[in-house]
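Student: Can we go through the pockets of this model and then one of its strands? Let me get it on screen.
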Amino acid sequence: MTEQIDSDGRLRHFLTTEGVPGELLTRILDTAESFTGVIGKSVKKVPLLRGRTVINLFFESSTRTRTTFELAAKRLSADVLNVNVATTTTKGESLLDMLRNLEAMQADMFVVRHNESGAAAYVADHVGEEVAVLNAGDGRHAHPTQAMLDAFTIRRHKGAFEPLRVAIVGDVLHSRVARSQIHALNGLGAGEVRVIAPRTLLPRDIEGLGVHVHHDLASGLKDVDVVIMLRLQRERMEGALLPSETEYYQHYGLSEERLATAKPDAIVMHPGPINRGVEIDSAVADGPRSVILEQVTNGIAVRMAVMSMVLGSRAQASVEEA
Ligand code: NCD
């Protein structure tokens with residue numbers, strides 16, 4: 001198995017937030033912070049990855065994630081290629097064959113999204129030494145850059161992680177985002193991570209990840225600083241896990257009224273795409289406490305940080321040195 005962290009403690013690939021030391025997670029956030037200035041400038045580019053080739057390899061559809069990875073690579077001056085492999089059956093030999101061909105085009109980095117858990121690690125195991133792999137979401141397993149952009153957004157609003165109570169609400173069972181968030185938040189030292197969901201939408205081993213479990217939304221939201229809503233991932237559900245969307249909304253949908261038990265300055269997050277009226281009411285999604293669109297913007301800086309850290313681990317990545 002390919003290690004994502006090398007013997008000097010540097011990030012070689014980014015496949016999961018699980019087991020990543022808090023110090024390295026913090027370094028990703030600090031590096032992202034240094035890039036926010038670049039994004040705000042009228043000339044939005046730094047030459048850190050000039051001459052490098054990044055290939056976005058998406059086996060599953062995506063808008064936010066793919067485009068922000070693409071923008072991040074472009075702002076680092078890399079050449080970017082988007083390969084949309086709109087199929088769910090490509091695996092084994094055919095995936096390997098495709099990799100060999102793309103490697104032959106001298107790619108330096110693959111950004112991989114796939115509907116099977118473990119796909120990004122599989123790619124990392126099969127590429128050459130010099131190629132870096134970033135996981136842009138694999139099955140229900142992990143979505144590490146999403147978790148880091150969420151952590152970045154939380155830190156910008158709330159400062160230190162230690163005093164914070166964070167609630168993750170909804171379809172945790174099918175959510176790679178939730179898993180990566182739990183590992184990242186615990187790694188960064190968040191005071192308390194809660195999950196709030198019906199039993200049918202929680203994995204059996206969830207407590208083992210270091211979270212407090214709630215089944216009631218009102219009591220689960222009590223005194224939290226951050227509320228992260230998850231999309232109901234219908235496309236991943238087998239059988240009837242839920243009575244109906246209307247009933248789901250009645251119990252787990254975030255309305256302004258429900259949000260009242262959280263702290264008065266609590267922020268509301270969602271990785272997108274949002275289902276209005278299913279997991280979140282429009283008044284909350286578009287309301288003053290929502291930071292949902294900031295998450296999207298922050299995705300660029302965080303992805304720039306991760307890209308520059310994995311490819312630039314040889315030449316220290318910071319805007320100042322560019
Ligand atoms: C998430 C994903 O694809 O895992 N979206 C995203 O990356 N912004 C979550 C989801 O699809 O609900």
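Tutor: First, a pocket is an open set of points on a 1 Å grid over the protein atoms alone, where a 1.4 Å probe fits and protein lies on both sides within 12 Å along at least five of seven lines; lining residues have an atom within 4 Å of a point. Its volume is the space filled by probe spheres set on the points, which are joined across faces, edges and corners. The model is predicted, so local features need pLDDT of at least 70 and side-chain atom pairs pLDDT 80 or more, while totals for chains, interfaces and linings use all residues. Numbering runs from 1 along each chain as its sequence is written, and side-chain values use heavy atoms, without hydrogens or water.

Student: OK, how much space lies in the second largest pocket?
Tutor: About 210 Å³. It is lined by 18 residues, and Arg 64, His 270, Ile 292, Leu 293 and Val 296 are the closest to its centre.

Student: Which elements give two or more residues to that lining?
Tutor: α2, α5 (144–158) and α11 (292–311). Helices are DSSP runs of H or I with at least four residues, strands runs of E with at least two, numbered from the N terminus. The largest share, six residues, comes from α11.

Student: And what volume does the largest pocket have?
Tutor: About 360 Å³. Its lining has 20 residues, with Arg 113, Arg 176, Arg 231, Gly 272 and Pro 273 closest to the centre. Helices α2 (64–75) and α6 (176–187) each give two or more residues.

Student: Which domains does the lining of the largest pocket draw on?
Tutor: At least three residues come from each of domain 1 (22–142 + 297–313) and domain 2 (144–291). Those bounds are from an automatic or database domain assignment.

Student: Now β3. Why is it largely enclosed?
Tutor: Because six of the six residues of β3 (residues 109–114) are buried, meaning under 20% relative accessible area with a 1.4 Å probe, protein chains only.

Student: Which way do they point?
Tutor: Met 109, Val 111 and Arg 113 point one way, and Phe 110, Val 112 and His 114 the other.

Student: What does β3 pair with?
Tutor: Strand β1 (residues 53–58) is parallel to β3 over five bridges, and Leu 57 stands opposite Val 112. Five bridges also join β3 to the parallel strand β4 (residues 132–138); there Val 111 has Leu 134 as its bridge partner. Pairing requires at least two DSSP bridges between two strands.

Definitions and conventions. Buried < 20%, exposed > 50% of the residue type's maximum accessible area, 1.4 Å probe, protein only.
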